[in-house]
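Please walk through this structure with the text below, one region at a time.

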Amino acid sequence: MNNRRSQLVLLGAGLGHLQVLRDWSQRLHKGVELTVITPSPQPTYSPGLSAWVNGECQASDINIALEPWIKACGARWIQDRCIGLDVHARTIQLRNEPERLLHFDWLSINTGSSMGLQQLEDLLPGAKGRVLPVRPVEQFMDYWARALETAKQRRMAVGVIGAGAAGVELALALKRRLSDVKAQASVSLIAGDEHWLAAPGSRARRLAERALQQAHIQVLHQKCTQVGDGELCLDNGMRLACDLPIVTTGSMAPPWLRNSGLALDAHGYVAVNAHQQSTSHLRVFALGDVATRVDRPHAKNAAYALHAGQQHAQTLWAAIQGLDLKPIPTPRRLLQFMNTSDGRATVQWGDSCINAGWVLRWKRSRDEAQLAALRHTAEALPPPSTAVD
Ligand SMILES: Cc1cc2nc3c(=O)[nH]c(=O)nc-3n(C[C@H](O)[C@H](O)[C@H](O)COP(=O)(O)OP(=O)(O)OC[C@H]3O[C@@H](n4cnc5c(N)ncnc54)[C@H](O)[C@@H]3O)c2cc1C
């Protein structure tokens, strides 16, 4: 008789897997050996990042300690990064020990999107070693804390490359913080073209333009084509002085997915069905930014990542037991919040958009509730009777 326990590997501690750990700890599954692979002991809740950048909160307010969850689940934690995946051989290659391949029976991927240095260099020649990418978020936080100290001592020109929701929110947060510490600093937003954030003339766009203007942030409708020492080259020939180029654009699929054998979408993300299950490999699941629901593609953001994680623990357990899986409904629309770092926030749903102080309070209370649900507390420890075979 084979008594070997099934090996379930959670790759990445994104917003979905944190919920899996929470749910798993409340209902331990004895027949499964759980392994978590993720580099950071304290994954960051990224919707709160701008509140940390602008000084509204501390880093500890947006980090989630992983270890208590690992202990509560009786899981094994490998503090490392995946650099290779072979779904036919069912093995994972890790950065710190590339020669040792880790076996899995079941795999769930929640590593977010990637901003690898080589990927950035291909996108923006000269970027390697000169730009600060916003991902990995933990690394960004470390660098920004140091850059802020430098900005207190000498003039600094900051350039934020990419004007999606993350770029606009971050530019506003950086400017607010730099002003609060009385730094002699300018912030420019390199938007790429006229169609940044939302359609020109739309309410979301007008509100963002107003906030940027009031914060004295220069918006350039050009593309950055190259990064040089202390400058950015733009596609109209302009050279913009820049001491700290921050890249928020260019999130891509992790490069190690390319030769994994998994079915991928046109952009290289894991193609999954309504159960967040790979369309090519039934023992592999993916959720959050790294996955694309082929039945109902949707935006890649924290709101969807959190939503997909809600019943993922049950899905994994049902799959391992050979039970029917319940499809995960995708909400048509989710509210999108943006902290404008002026005591207000914007909330957008469909074509409607409001920017107000009460929206910031609403966003804060939602973020706090979400963080509380993802954080381990003593009460979250499972009573022994809840262990199931
Ligand atoms: C500045 C900024 C602001 C944002 N603001 C908002 C917002 O207000 N609202 C919103 O909805 N969305 C926001 N987003 C988008 C949001 O952050 C992402 O959509 C969301 O975090 C995706 O969640 P996830 O679970 O897929 O992965 P993530 O939260 O990215 O977590 C991935 C985890 O996997 C780990 N990991 C990465 N690579 C590997 C690897 N190779 N091996 C092992 N582990 C790995 C990482 O360390 C991390 O812990 C923002 C993004 C940024 C950058």
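The shell around the ligand consists of 19 nonpolar, 11 polar and 4 charged residues. In these classes, Ala, Val, Leu, Ile, Met, Phe, Trp, Tyr, Cys and Pro count as nonpolar, Asp, Glu, Lys and Arg as charged, and the others, Gly among them, as polar. The model is predicted: local features need pLDDT of at least 70 and side-chain atom pairs count only at pLDDT 80 or more, while totals for chains, interfaces and linings use all residues. Numbering starts from 1 along each chain, as its sequence is written.

Of the 34 residues around the ligand, those that come nearest are Gly-12, Gly-14, Ser-46, Gly-112 and Gly-288. Here a residue is near a molecule or strand if its C-beta atom, placed from the backbone, lies within 6 Å of it. H1, helix H7 (165-180) and helix H9 (302-309) are the elements that give two or more residues to this shell. Helices (H or I, at least four residues) and strands (E, at least two) are DSSP runs, numbered from the N terminus.

The domain bounds come from an automatic or database domain assignment. Taken over C-alpha atoms, the centres of domain 1 and domain 2 are separated by 30 Å. The two domains also touch each other: 12 residues of domain 1 are in contact with 12 residues of domain 2, where contact requires C-beta atoms, placed from the backbone, within 7 Å. On the domain 1 side, helix H2 (residues 49-53) gives the most, with 3 residues. That side of domain 1 has 5 nonpolar, 7 polar and no charged residues.

Next comes a pair of helices. Two packed helices are described by the angle between their axes and the distance between the axes. Helix H1 (residues 15-26) packs against helix H10 (residues 312-321) at an angle of about 70°, and their axes are 8 Å apart. Axes are lines fitted to C-alpha atoms, for helices over the stretch in contact, and angles run from 0 to 180 degrees between N-to-C directions. H1 and H10 are therefore roughly perpendicular to each other, a term for angles of 65 to 115 degrees, with under 35 counted as roughly parallel, over 145 as roughly antiparallel and the rest as oblique. From H1, Gly-16, Gln-19, Val-20, Asp-23 and Trp-24 make the contact, and from H10, His-312, Ala-313 and Leu-316. These residues divide into 4 nonpolar, 3 polar and 1 charged.

Two sheets follow. An open sheet of 3 strands runs in the order E4-E5-E6 with antiparallel pairing; two strands pair if DSSP finds at least two bridges between them. Strand E4 (82-86) and strand E6 (101-103) are its edge strands, each pairing on one side only. On average, neighbouring strands of this sheet are turned by 30° against each other, direction ignored. Between E4 and strand E5 (residues 91-94) there are 4 bridges, and Cys-82 has Leu-94 in E5 as its bridge partner.

Another open sheet of 3 strands has the order E19-E20-E21, again with antiparallel pairing. Its edge strands are strand E19 (336-339) and strand E21 (352-356), and its neighbouring strands are turned by 15° against each other on average, direction ignored.

Two backbone details remain. The peptide bond from Arg-135 to Pro-136 is cis, with omega near -5°. Lys-182, in the loop between H7 and strand E10 (185-190), has a positive phi of about 60° although it is not a glycine.
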